[in-house]
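Please keep both in view while reading the sections below.

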Amino acid sequence: MEKGETRRGFRKIGWWIILLVMVIVFFLILGGSKRWEWFSPPRTWSDIAILVQEVEEKTQKLNQILQEALQSVREKESPSEP
Amino acid sequence: MRALRRYVVVGLVIFVAFFLGTLAGDIPISHSKEDMKFVAERVGFTAQSFYTAGSNQVYYQIERNLKALDEIINMIEKAENLDAIIDPMVDKLEEITVSYEHISDLRPQIEEELRGKIEELQELLKKSKDQIRILEDEKLELEEELKELSLEQDEEIRNIRRRSLEMQVEFKAKEIQIWKEFISLEDKIYETIKNADRTIKKFLLVLSENAKVYRGALEVVRLQRDIKSLVNFMSLQQFSDELISTWQDLQYLIELLTQEVNKLPAFRE
């Protein structure tokens, strides 16, 4: 086998390895994403309940921030009123 | 040579271990224990699959809503003028609304799945009750045999047979007792699951109603270009607490049910 042919052979194998690594990385990213959580156990209704409690806390916080923001808007507006 | 001897010794150890393992696997366990093990495994599996029925999709939607809420909070905190953020906020509210509406659409399918799991548990409970009936019949037969023993002429044979039969009756009674305890645990699991079913249904109903609340809030914000009437949906606190504690109770009961299997004699009579 000539030197050039050997190099070409190695390059070919190199490309295959790169392709394989890319495929593995692709599936790992896909597997880790929210819609395809293959590696994690299924969620229970208890997990959902915990998440909903978080949603409720966030909603309360949102309402509170909103009230504060509206209050400051009102305070800014009131001195200019006749 | 020494290396070869080492390989032979290691090979022999592996072979003996494998042989013993195969033997242990072949030891027949009693029918009753086999049945109880099967039922316990099925009950555990069904209870767990009940608690995960349709949950992945709902979890994904609520997780999205949580992120959207975070983004709205960030927007308000950073905004200097509330009017300037109404449009992006409406977009986020739309996302949350659609997500809750999606959960609402999933409701019939999830309820159907839950119903299926409850029916499976009912079947398993029936199977366990049938097992008690079989064991009680066997005990009755032994007691009949014990009564008929008085017809035996040879006293020595009569005594040996009586002792044997009395012990068998005693074992059978013990077996029935263990099955009864097993069924009582199974009953508790069934009741817990039925309660969880009711809670999940109410939980889903509130989530569906929240979809309507969000839709209403969204329309108001869109029409009035005013955010005074933003999100204020129905609380799920009570149902959330119930769902978390029920899951803990269920895991504990399944553990007890598995332990119950070990109380039965291991080997075939």
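## Chain B: overall architecture

The model is predicted. Chain B contains six helices and zero strands, and its elements, read from the N terminus, follow the order α-α-α-α-α-α. Of the 269 residues of this chain, 25% count as buried. When contacts in chain B between residues at least 6 apart in sequence are considered, 85% of them join residues at least 24 apart.

## The α4(B)–α5(B) pair

Within chain B, helix α4 (residues 86-148) packs against helix α5 (residues 155-224) at an angle of about 165 degrees, and the two axes are 8 Å apart. Since angles over 145 degrees count as roughly antiparallel, α4(B) and α5(B) are therefore roughly antiparallel to each other. Their crossing is left-handed. Sorted by class, the contact of α4(B) with α5(B) comprises 32 nonpolar, seven polar and 22 charged residues.

One residue of helix α5 of chain B is B:Lys201. B:Lys201 has 15 other C-beta atoms within 10 Å and is therefore partly exposed, as that class lies between the limits of 12 or fewer for exposed and 20 or more for buried. Between B:Lys201 and B:Glu112 there are 11 Å in space, C-alpha to C-alpha, although the two are 89 residues apart in sequence.

## The interface between chains A and B

Contacts between the chains involve 27 residues of chain A and 32 residues of chain B. On the side of chain A that touches chain B, 14 residues are nonpolar, five are polar and eight are charged.

On α2(A), the contact is made by A:Trp45, A:Ser46, A:Ala49, A:Ile50, A:Val52, A:Gln53 and A:Glu56; on α6(B), by B:Gln237, B:Ser240, B:Leu243, B:Ile244 and B:Trp247. By class, the residues of this contact are seven nonpolar, four polar and one charged.

## The two helices of the contact

Helix α2(A) has 33 residues and extends 47 Å from its first C-alpha to its last, close to the 48 Å expected at 1.5 Å a residue. Its buried residues include A:Trp45, A:Ser46, A:Ala49 and A:Val52, which are also among the residues that make the contact with α6(B). Other buried residues of α2(A) include A:Val55 and A:Thr59.

For the 25 residues of α6(B), the span should be 36 Å at 1.5 Å a residue; the end C-alpha atoms are 37 Å apart, which agrees. Among the buried residues of α6(B) are B:Ser240, B:Leu243 and B:Trp247, and these also take part in the contact with α2(A). B:Leu250, B:Leu253, B:Ile254, B:Leu257 and B:Val261 are likewise buried in α6(B).

## A:Ile65

Which residues does A:Ile65 contact, leaving aside its neighbours within four places in sequence? They are B:Ile73, B:Ile76 and B:Glu77. A:Ile65 has its place in helix α2 of chain A. With 16 other C-beta atoms within 10 Å, A:Ile65 is partly exposed.

How values were computed
Residues numbered from 1 in each chain as written. Chains lettered and ligands numbered in written order. Predicted model: local features only at pLDDT ≥ 70, side-chain atom pairs only at ≥ 80, totals over all residues. Contact = placed C-beta atoms within 7 Å. Nonpolar A, V, L, I, M, F, W, Y, C, P; charged D, E, K, R; others polar. Helix = DSSP H or I, 4+ residues; strand = E, 2+ residues; numbered from the N terminus. Axes fitted to C-alpha atoms, helices over the stretch in contact; angles between N-to-C directions. Parallel < 35°, antiparallel > 145°, perpendicular 65-115°, else oblique. Left-handed = near helix turned anticlockwise from the far one by under 90°. Expected span 1.5 Å × (residues − 1).
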